[in-house]
Amino acid sequence: MRVTDIQRCDVRPGLLVEWTLSPDTVEAAAGLPEDSRPPAYVQESHIRTARSVREDGLFVPTWVGAAFDIPGTVDLEALQRALYDWTLRHETLRSGFRWDQGVMRRFTLGAGAVRLHREVVGAFDDAQRLVAHLQDRFDVAADALDWPNFLYAAVVRADCTSVYMAFDHSNVDAYSLHRIPAEVHEFYAAAVEGRAVAQPPAGSYVDFCEAERADADRVDDGHEIVARWREFVSRCDGQLPNFPVDLGLDAVEGKLPTQKLLQDTLVGAEDAAAFEAYCRPFGGSLVGVLAATAVLMREISGTSVYRTVVPFHTRAQSRWQDSVGWYVGGVPIEVDLSDGAGFEEALRRVRAALRGNRRLARMPIARVLRLLGAEFRPRSPDLYSIVSFVDGRGVPGSERWDELHAYGLLRVSYGDQVCVWVSRVHEGLQFAARYPDTGPALRSMEWYLEGLRETVSRVARTGSA
């Protein structure tokens, strides 16, 4: 699924319809007792960060979402039924948090209390005006500090309908978004045909949060995993790593800068397959992208030791495979290329770093930081920079993503970090990155994008970098 923002996902005019949880549902949630299952550490860190940034006087939208088409004339009743059934399937969407003397307390609605409210907003004949409306609505309706924190929308036309679904990040990760188009299509087809969807229940992310937190809370500051993180943070001058290029942050005088999105096709399917084949003995395309990045950082900024935190999913058990939630941990890696090593040697060193530290992803970073005892008061929605790689070709329905105009959506707003997503789809490799909106950062990111494209292409076509 191509990662982009709402401005670049081919929004077309039409009749806008929106769905939210009904007022009766929201009222019922307000009177619920506490659900003893705690937030995941990643949820708590995300929401506390949003609160901290808001207290500093800045509203920073951080929602993510999915967009896709339903071909032909849509049956709105069937679509509403599909969205309702899909919502009930994933418990995290009917679970939220309240603040109680600085502590986050969970509440969770029973499935029988959930109702969707549909509103016909009106016809839009201008795509830019529609984009602006959708972004403003998602900013408010998918706010980390409010509940409910998601919104569904459809732009209805005679030939096809485009569906847009936005969520606060605490509810979903990239893999969750990837599964949405096929799942909603399946529920929609079932609703049109008047039948039930035959599939086993999805695991509850709320249950996962409880289990993961219980495991994490058994670890103390003397644990080996905490010691490994402590060493890594100390080598990053007491911080988590940012992207090691000139981002021009001195010019923003300590304020949280606005961000821009850089998005492009990296290479087509043939070169992506050849690059993957070359990198497979070392662990595949993820290792290749990280190795290329380490070499490029040395060329662009003179950074001979590349340090980053690599996202890995934490869906270790099969019961979480179909679940919507934020199943992501981080693996710190350090790749020393100070001896002038080239791409192939970088592949070996990245593979060794990932193998040596892969199990660290099982420990939530927010728990580790708490145990380190350092004052990591968040002032940015991103604690650190990432280079993420996701291969979406195995996701059900992925072969139709291009046909259905399916996108994973990012909200690009404010932040002083660089976040890079490289996605393997059937059509090739896609690149997307959020970066601070400064001249130096733009130049650095353009150099990085072109360098990464050149490296992947050269390896694919000549077998050498």
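Trainee: What should I know before I start?

Mentor: It's a predicted model, where local features need pLDDT of at least 70 and side-chain atom pairs count only at pLDDT 80 or more, while totals for chains, interfaces and linings use all residues. Residues are numbered from 1 along each chain as its sequence is written, and side-chain values use heavy atoms, with hydrogens and water left out.

Trainee: At what angle do helix α3 and helix α5 pack?

Mentor: First the terms. Helices (H or I, at least four residues) and strands (E, at least two) are DSSP runs, numbered from the N terminus. Axes are lines fitted to C-alpha atoms, for helices over the stretch in contact, and angles run from 0 to 180 degrees between N-to-C directions. Here α3 (residues 76-89) and α5 (residues 174-193) pack at about 125 degrees, their axes 8 Å apart. Under 35 degrees counts as roughly parallel, over 145 as roughly antiparallel, 65 to 115 as roughly perpendicular and the rest as oblique; α3 and α5 are therefore oblique to each other.

Trainee: Which residues of α3 and α5 meet?

Mentor: Contact means heavy atoms within 4.5 Å. On the α3 side, Leu79, Leu83 and Trp86 are among them, and the α5 side includes Ile180, Phe187 and Tyr188. The residues of this contact split into eleven nonpolar, no polar and four charged. (Ala, Val, Leu, Ile, Met, Phe, Trp, Tyr, Cys and Pro count as nonpolar, Asp, Glu, Lys and Arg as charged, and the others, Gly among them, as polar.)

Trainee: How does α8 pack with α9 and with α12?

Mentor: Take α8 (residues 269-279) and α9 (residues 285-301): the angle is about 90 degrees, with axes 8 Å apart. That makes α8 roughly perpendicular to α9. Phe275, Glu276 and Cys279 of α8 touch Ser285, Gly288 and Val289 of α9. As for α12 (residues 439-462), its axis and that of α8 come within 8 Å and cross at roughly 75 degrees. So α8 is roughly perpendicular to α12 too. Phe275 of α8 turns up in this contact as well, along with Asp271, Ala274 and Tyr278.

Trainee: How many aromatic pairs does a search of the whole structure find?

Mentor: Rings of Phe, Tyr and Trp (its six-membered ring) pair if their centres lie within 6.5 Å. The search finds 17 pairs, and ring pairs link Trp86, Phe150, Tyr152 and Phe167 into a cluster.

Trainee: Which charged residues sit over the rings of Trp99 and Tyr41?

Mentor: The test is NZ of Lys or CZ of Arg within 6 Å of the ring centre and within 35 degrees of the ring normal. Arg51 lies over Trp99 at 3.9 Å from the ring centre, and Arg213 over Tyr41 at 3.8 Å.

Trainee: What about the backbone?

Mentor: Most residues other than glycine have a negative phi, and most peptide bonds are trans. Here the Trp147 to Pro148 bond is cis, omega near 0 degrees, and Pro148 is in the loop between α4 (127-141) and β7 (150-156). Asp10 has a positive phi of about 60 degrees, in the loop between β1 (2-5) and β2 (14-21).

Key:
Rings of Phe, Tyr and Trp (its six-membered ring) pair if their centres lie within 6.5 Å; planes under 30 degrees apart count as stacked, over 60 as edge-to-face and the rest as tilted.
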